[in-house]
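Start with the view below.

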Amino acid sequence: MDCTKCKLKGCRTQEPCGDNSALYAHGYLDDTTRPVIQAAAALVDDGRAGTLNRLEEIITYAKIRGYEKIGVAYCYGLEKEAVLLRQHLDDSGLKAVMVSCTVDGLTQSIVDPDKTTKAVSCNPLGQAHALNRVPVDFTILMGLCLGHDILLQRSLSMDFTTFVVKDRVLNHHPLLALSENRPEDVFLENISRDFNLIKADDFKRKLQKAGNPDEFYLLDLRGPEAFKKDGLPGSTNCLLTSLPKHYKALFPDKSKDLIAYCNGGIQSVYAVMFLTMKGYQNVKSLSGGISSYFQKG
């Protein structure tokens, strides 16, 4: 089977090339399956698809399922980001149980007898044991090495999902490997850390000094629900995918300062690239996204 090579796509119109559903469809009626399906549907039904980022989806899913204790199995190399994730979970009323991959301090020679080094090893079985022992209701995987994530998943006694996939080469954005060297993706991969960025503190000062909200444009690239919840006053809400269609009407003055922000600071960099190519002279991206701004009070 290779669905990517199919030209008819009949399965999308209820005219599939084959039908084996009688062998498994009853599984959707199982009491352990139905709550998962219903919670997943709640994230995308009624036009909600595309309004939540991955972290917001995880938090919303956990609340729909009634989870209270959320385990996080993270790579020690991402501990700074793990702290931020813990804060988000805490702020959402969820109890975070954070377990580093170096839990229990096992040496590499214990984990792999073929090695003689005494350096501390990653310990996915230890992470699973710690989370199973609590126990937690749900586990988030964050940046574990390939192979270690497999062992963790085999050993967990609860449901789990992945938040971050480790990709040291592409700054943990593995989809860039499929970009076929598109200019915009190559640019983003090699972008300097200070490219058209405005730090949260400088952004705050700029907002405070503004005499009126029309002195510069503010672009909120998040979904409508997030914008309604905590969008900054004077901001214009527009999804990145909708920007090419609406940017001229939304931001008619190309000489005026424009600051774009999203949740984590990635989509806003794409917005800077796009608007700069369209002739806007003073476009900046909020470094770290609006989450960084809120963390600084």
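This is a predicted model: local features need pLDDT of at least 70, side-chain atom pairs count only at pLDDT 80 or more; totals for chains, interfaces and linings use all residues.

A polar contact is a pair of N or O atoms within 3.5 Å; within protein, one of them must be able to donate a hydrogen and the other to accept it.

**The loop between H1 and H2**

Helix H1 spans 34–44 and helix H2 spans 54–65, and Thr51 lies in the loop between them. A polar atom of the Thr51 side chain lies 2.6 Å from the backbone oxygen of Arg48. Is Thr51 buried or exposed? Its relative accessibility is 10%, so Thr51 counts as buried; the limit for buried is under 20%. Leaving aside residues up to four places away in sequence, Thr51 touches Glu56, Gly223, Pro224 and Glu225.

Gly47 is found in the loop between H1 and H2 too. Gly47 has a relative accessible area of 63% and is therefore exposed, as exposed means over 50%. Take Gly47 and Leu232: they are 185 residues apart in sequence, and their C-alpha atoms are 23 Å apart in space.

**Strands around E9**

Strand E9 covers residues 283–286 and runs parallel to strand E5, residues 197–198. Strand E8, residues 258–261, also runs parallel to E9. The table sets out both pairings.

| Pairing | Bridges | Residue pair |
|---|---|---|
| E5 with E9 | two | Leu197 and Ser285 |
| E8 with E9 | three | Ile259 and Lys284 |

Which helix belongs to the β-α-β unit with E8 and E9? Helix H11, residues 267–277, does, and the unit is right-handed.

**Empty space**

Rolling a probe the size of a water molecule over the atoms shows where empty space is left. How many cavities of 30 Å³ or more does the structure hold? It holds one. The largest cavity has a volume of about 40 Å³. Its lining includes Cys75, Cys101, Cys122 and Cys145. Pro124, Gln127, Leu144, His148 and Lys166 line the largest cavity as well.

Helices H2, H3 (79–91), H9 (224–230) and H12 (289–295) each supply at least two residues of the lining. Which helix gives the most to that lining? H2 does, with five residues.

Definitions and conventions. Residues are numbered from 1 along each chain as its sequence is written. Side-chain values use heavy atoms; hydrogens and water are left out. Helices (H or I, at least four residues) and strands (E, at least two) are DSSP runs, numbered from the N terminus. Buried means under 20% relative accessible area, exposed over 50%, partly exposed in between (1.4 Å probe, protein chains only). Contact means heavy atoms within 4.5 Å. Two strands pair if DSSP finds at least two bridges between them. A crossover is right-handed if, with the strands pointing away from the viewer, the path from the first strand over the helix to the second runs clockwise. On a 1 Å grid over the protein atoms alone, a cavity is a set of points where a 1.4 Å probe fits but cannot get out, and a pocket is an open set with protein on both sides within 12 Å along at least five of seven lines; lining residues have an atom within 4 Å of a point. Grid points are joined across faces, edges and corners, and a volume is the space filled by probe spheres set on the points.
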